[in-house]
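Please take a walk through this fold with me. Keep the sequence and the model side by side as you read.

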Amino acid sequence: MTEAEIKWENFPVDVGLVYEGERIRGKQMQVELGGPKVGDKFELVQARKMNEVQDGKITIIGPDLKDMEEGKSYPVGIIVEVAGKQVERDLESVFERRIHEFSNFIEGMMHLNQRYDIWMRLSKASYKKGFNTLKWWGEGLIHLYKSEFEKVIEKIQVTIITDPSKIKPEFDKAMKVYKTRDERARSITDDDVNEFYGCVLCSSFAPSHVCTITPGRIALCGSISWFDARAAAKVDPKGPNFLIEKGECLDDIKGEWSGINEAAKKKSLGEVERVHLHTILSPYNHTSCGCFEAIAFYIPEVDGVGIVDRNFKGAAVNGLPFSTMANSTGGGKQIEGFVGIGVEYMRSPKFFQADGGWNRVVWMPSHIKDRVKDDIPADVVDKIATEADTTDLDSLKDFLKSKNHPVVKGWVEEEEEEEEEEVVTPTMVPTGVQMPMGVPMAPAATGGWKIILKGARITAEELIIKRIEPKKKKKK
Ligand code: SF4
């Protein structure tokens with residue numbers, strides 16, 4: 001394809017909703033752009049003045065798809081610049097989030113995550129069909145942006161960078177932009193506004209997932225704040241962002257509002273009936289799709305909350321890597337004890353306030369702790385362990401005890417309760433209960449045993465109920 005032939009009419013592969021959610025496995029991929037093996041990667045949309053954008057221009061800086069080795073991973077940065085009378089700064093992150101959706105519309109292209117965390121794959125099949133230059137990615141995005149926002153985006157240009165030495169300075173600039181956006185979002189609280197916003201952009205991956213975005217709870221992908229969602233709902237009322245009337249406050253601490261419940265029920269087609277925004281210890285906690293920046297997970301052994309983000313390599317303190325926990329957290333379910341969050345939510349004054357906020361957090365990766373350190377209360381910051389302090393639950397317990405972490409007080413109370421119960425309540429062993437090997441069995445008449453499972457979470461993949469037919473007596 002020559003430069004002049006890179007036109008929408010010649011697009012080499014299909015584009016449409018049907019390809020959203022398409023997974024490109026390692027063996028199917030031509031190349032990977034960004035992802036966990038690559039350091040600097042980002043996507044950024046910038047609002048510009050009309051005279052600063054050359055409509056339709058696509059620039060590639062660095063190796064193109066043809067120059068990349070099959071099956072390998074490469075760094076990538078994409079800057080989309082838009083202009084128009086209605087284009088405003090608040091729309092930048094909303095447009096930026098659509099890179100995810102629009103890229104996934106392209107046959108054979110998979111796009112995951114957002115901002116500085118993007119992970120893309122192109123399939124061998126699409127490459128063979130002629131998708132052999134990144135210019136097609138730019139062309140596809142330009143076409144989709146203009147179709148979706150035809151009244152807003154008047155001019156658009158795309159720059160794609162794959163040269164590692166050129167990405168770094170642009171990556172640093174992008175990080176500053178994200179920081180400024182997040183700081184602005186911190187200027188208001190849930191109590192300052194009369195309405196919240198929702199997002200269902202990820203419903204193609206997780207049909208029952210509905211993001212509720214409030215000033216105190218940024219979207220779990222970390223890329224859409226209350227300001228962004230408000231701007232998006234205004235310019236694109238039929239789009240994925242929508243207004244949620246607050247309604248009646250049903251629980252101020254857990255963050256339950258009648259308006260959020262109604263919106264979640266409607267948008268999840270009845271799957272989700274209630275939402276508690278600010279707790280992970282509730283059967284009604286916020287749903288998670290798959291785009292969360294981090295996972296908060298309950299650790300019953302210490303009655304505390306751990307946090308792990310997708311850039312953390314290896315197993316978290318509970319022995320599970322991010323990917324394993326992501327499988328049980330995502331998919332639009334409400335899982336008590338697991339919830340996906342945006343890193344920025346950790347700075348919120350409402351951060352898991354129903355569970356004790358920072359006083360309940362016991363472990364997190366050091367790079368995330370460093371990022372949010374200024375927002376962790378001074379009296380608890382040194383009591384939260386990282387991978388440098390502990391890597392398993394036993395040493396976590398020792399660490400928390402030695403630091404007198406607030407959760408330790410709960411252990412002491414619990415131990416005292418247990419002792420009392422042991423003295424006062426002898427219980428008969430039910431017929432048929434097998435005690436573990438080596439546990440001496442006291443005669444029932446002299447007290448017996450009581451088994452208490454505290455903080456246990458028992459889950460089953462499926463429940464099979466089978467009728468057991470009585471054995472037929474053998475004929476004599
Ligand atoms: S994670 Fe939530 S806010 Fe972010 S794009 Fe998906 S649905 Fe929208």
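In strand S11, Leu243 is the bridge partner of Tyr197. Strands here are DSSP runs of E with at least two residues, helices are runs of H or I with at least four, and both are numbered from the N terminus. Residue numbers start from 1 along each chain as its sequence is written. The model is predicted, so local features need pLDDT of at least 70 and side-chain atom pairs count only at pLDDT 80 or more, while totals for chains, interfaces and linings use all residues.

Strand S9 (residues 195-199) runs antiparallel to S11, and five bridges join them. Two strands pair if DSSP finds at least two bridges between them. The open sheet has three strands, in the order S10-S9-S11, with antiparallel pairing. S10 (211-213) and S11 (241-245) are the edge strands, each pairing on one side only. Neighbouring strands are turned by 35° against each other on average, direction ignored.

**A sheet of four strands**

Another open sheet has four strands, ordered S4-S1-S7-S6, and its pairing is mixed. Strands S4 (72-74) and S6 (109-112) stand at the edges with a single partner strand each, so one side of each has no neighbour in the sheet. The twist averages 20° from one strand to the next. Inside this order, S1 (residues 29-34) and S7 (residues 119-123) run antiparallel, joined by five bridges. Glu32 has Arg121 of S7 as its bridge partner. Helix H1 packs on the sheet and touches S6 and S7; its direction makes about 160° with that of S6. Axes are lines fitted to C-alpha atoms, for helices over the stretch in contact, and angles run from 0 to 180 degrees between N-to-C directions.

**Two helices that cross**

H1 also meets helix H3 (residues 135-148): their axes come within 10 Å and cross at roughly 115°. The two helices are therefore roughly perpendicular, a class that covers 65 to 115 degrees. H1 contributes Ile99, Phe102 and Phe105 to the contact, and H3 contributes Gly140, Leu141 and Leu144. Contact means that C-beta atoms, placed from the backbone, lie within 7 Å.

**Val87, in a loop**

Val87 sits in the loop between strand S5 (76-83) and helix H1 (92-105). Is Val87 buried or exposed? Val87 counts as buried because it has 26 C-beta neighbours inside 10 Å; the cut-off for buried is 20 or more, and for exposed 12 or fewer, with partly exposed in between. Leaving aside neighbours within four places in sequence, Val87 is in contact with Ala47, Val82, Val152 and Ile153. Val87 and Lys49 are 38 residues apart in sequence, yet 9.0 Å apart in space, C-alpha to C-alpha.

Key: Two residues are in contact if their C-beta atoms, placed from the backbone, lie within 7 Å. Angles under 35 degrees count as roughly parallel, over 145 as roughly antiparallel, 65 to 115 as roughly perpendicular and the rest as oblique.
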